[in-house]
Amino acid sequence: MSLDGKVALVTGGSRGIGAAVALRLAADGADVALTYRDNATAATEVAERIKAAGRRALVIRADGADAADCAKAVEETVAEFGRLDVLVNNAGVGAVGPIGDFALEDIDRVLAVNVRAPYLAARAAAAHLGHGGRLITIGSCVADRVPGPGMSLYALSKTAMIGLTKALARELGANGVTVNLVQPGPTDTAMNPADGPYAAEQASLTAVGRYGTPDEIASAVSFLAAESSRYVTGTTLSVDGGHAA
Ligand code: NDP
């Protein structure tokens with residue numbers, strides 16, 4: 001299997017896209033650490049499924065809003081498994097509303113979880129990722145196309161991931177580490193359920209006319225994590241059903 005002997009860390013691996021990514025990387029052969037903030041039960045269930053598939057798993061409570069927790073998750077992974085090959089920065093929070101409705105605390109919280117946390121985790125991981133290392137971030141299709149009002153804070157946070165990806169690709173390329181961004185379109189999770197109040201409108205904005213599944217996003221991460229994608233770096237892979245087309 002393509003990730004045999006490798007170790008991956010997936011932030012926000014307890015549910016939704018992160019859980020699908022954690023399970024897929026384990027199916028590809030990796031041992032997997034996953035973080036959560038509130039949902040210990042869901043995180044433990046994902047870990048049990050990884051172990052049932054014959055891989056090692058580690059569950060770490062780490063709040064992306066807490067700067068110390070971001071590096072701690074990387075260090076605990078390395079302490080447990082002895083190495084880190086793949087970091088998937090996935091944990092994120094949504095934010096929808098007119099710009100005037102966001103209090104300073106909202107702005108700080110969203111930027112802490114969606115921007116500062118992946119930056120700090122990447123910084124900690126960069127010290128451990130060796131040749132063949134992979135840094136993969138989950139952004140959003142709204143970084144390419146904002147479909148309507150109310151997205152200022154979320155789009156701000158996700159667009160920042162494009163710059164981080166390009167800059168770190170330049171910085172880590174000489175070490176044999178690739179850095180890439182996956183931008184999902186509307187994907188059926190608790191954050192954005194396919195039967196939610198604005199789901200039909202979001203589905204209609206895609207070329208294929210439907211929501212994506214977490215597994216479809218995980219497939220793209222699996223491709224970018226594999227050795228065969230070693231010449232792909234500094235780029236964005238949109239998995240958005242044509243939302244940006
Ligand atoms: P979910 O809300 O379904 O899951 C979020 C995950 O992130 C959970 O594991 C949750 O942990 C964790 N998490 C949330 N806040 C924090 C925090 N402060 N610190 C650490 N972990 C946290 O979201 P999705 O799976 O839908 O989203 C995953 C990523 O994909 C996000 O970055 C999101 O912005 C992005 N995305 C999602 C789209 C969609 O339509 N669903 C579209 C485009 C991008 P816990 O279980 O403990 O709460």
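## Fold and burial

Of the 245 residues of the protein chain, 51% are classed as buried. The model is a predicted one. A compact globule with 245 residues would have a radius of gyration near 18 Å; the protein chain has 17 Å, so the two agree. Taken along the principal axes, the C-alpha atoms of the protein chain fill a box of roughly 45 × 40 × 35 Å.

The secondary structure of the protein chain amounts to seven helices and seven strands. In what order do the elements of the protein chain run from the N terminus? The order is β-α-β-α-β-α-β-α-β-α-β-α-α-β.

An unreviewed UniProt entry places the feature "domain: Ketoreductase" at residues 6–187. In the model, residues 6–187 are 46% helix and 17% strand. The end C-alpha atoms of that span lie 28 Å apart.

## The ligand site

How many residues surround the ligand? The shell has 31 residues, and the closest are Ser14, Asp38, Gly64, Tyr154 and Thr189. By class, the shell around the ligand holds 12 nonpolar, 14 polar and five charged residues. Two helices, α1 (16–27) and α5 (152–172), each supply at least two residues of this shell.

Three of them are listed here.

| Residue (backbone N or O atom) | Ligand atom | Distance |
|---|---|---|
| Arg37 | oxygen | 2.9 Å |
| Gly64 | nitrogen | 2.7 Å |
| Asn90 | oxygen | 2.7 Å |

The ligand on its own has 900 Å² of accessible area, and the protein covers 95% of that.

**Ile17.** Ile17 sits in helix α1. That helix is one of the elements that supply at least two residues of the ligand shell. Is Ile17 buried or exposed? Ile17 counts as buried because its relative accessibility is 13%, and the cut-off for buried is under 20%. In sequence, Ile17 and Ala218 are 201 residues apart. In space, their C-alpha atoms are 7.0 Å apart.

**Asp31.** Strand β2 (residues 31–36) contains Asp31. Its relative accessible area is 11%, so Asp31 is buried.

**Thr187.** The loop between β6 (178–184) and α6 (199–204) holds Thr187. Residue 187 also ends the span that UniProt annotates as "domain: Ketoreductase". Thr187 has 5% relative accessibility and therefore counts as buried. Thr187 and Asp215 are 28 residues apart in sequence. Their C-alpha atoms are 9.6 Å apart in space.

**Arg116.** Helix α4 (residues 104–126) is the place of Arg116. Why does Arg116 count as partly exposed? The reason is its relative accessibility of 37%; partly exposed lies between the buried limit of 20% and the exposed limit of 50%. Arg116 and Val59 are 57 residues apart in sequence. From C-alpha to C-alpha, Arg116 and Val59 are 21 Å apart in space.

Key: Residues are numbered from 1 along each chain as its sequence is written. This is a predicted model: local features need pLDDT of at least 70, side-chain atom pairs count only at pLDDT 80 or more; totals for chains, interfaces and linings use all residues. Side-chain values use heavy atoms; hydrogens and water are left out. A residue is near a molecule or strand if one of its heavy atoms lies within 4 Å of it. A polar contact is a pair of N or O atoms within 3.5 Å; within protein, one must be able to donate a hydrogen and the other to accept it, and residues adjacent in sequence count only if both atoms are side-chain atoms. Accessible areas come from the Shrake-Rupley method with a 1.4 Å probe; for residues, only the protein chains shown count as cover. Helices (H or I, at least four residues) and strands (E, at least two) are DSSP runs, numbered from the N terminus. Ala, Val, Leu, Ile, Met, Phe, Trp, Tyr, Cys and Pro count as nonpolar, Asp, Glu, Lys and Arg as charged, and the others, Gly among them, as polar. UniProt positions are given in the numbering used here, feature names are shortened, and annotations may be inferred rather than shown by experiment. The radius of gyration is taken over C-alpha atoms; the globule rule is 2.2 Å times the number of residues to the power 0.38. Buried means under 20% relative accessible area, exposed over 50%, partly exposed in between (1.4 Å probe, protein chains only).
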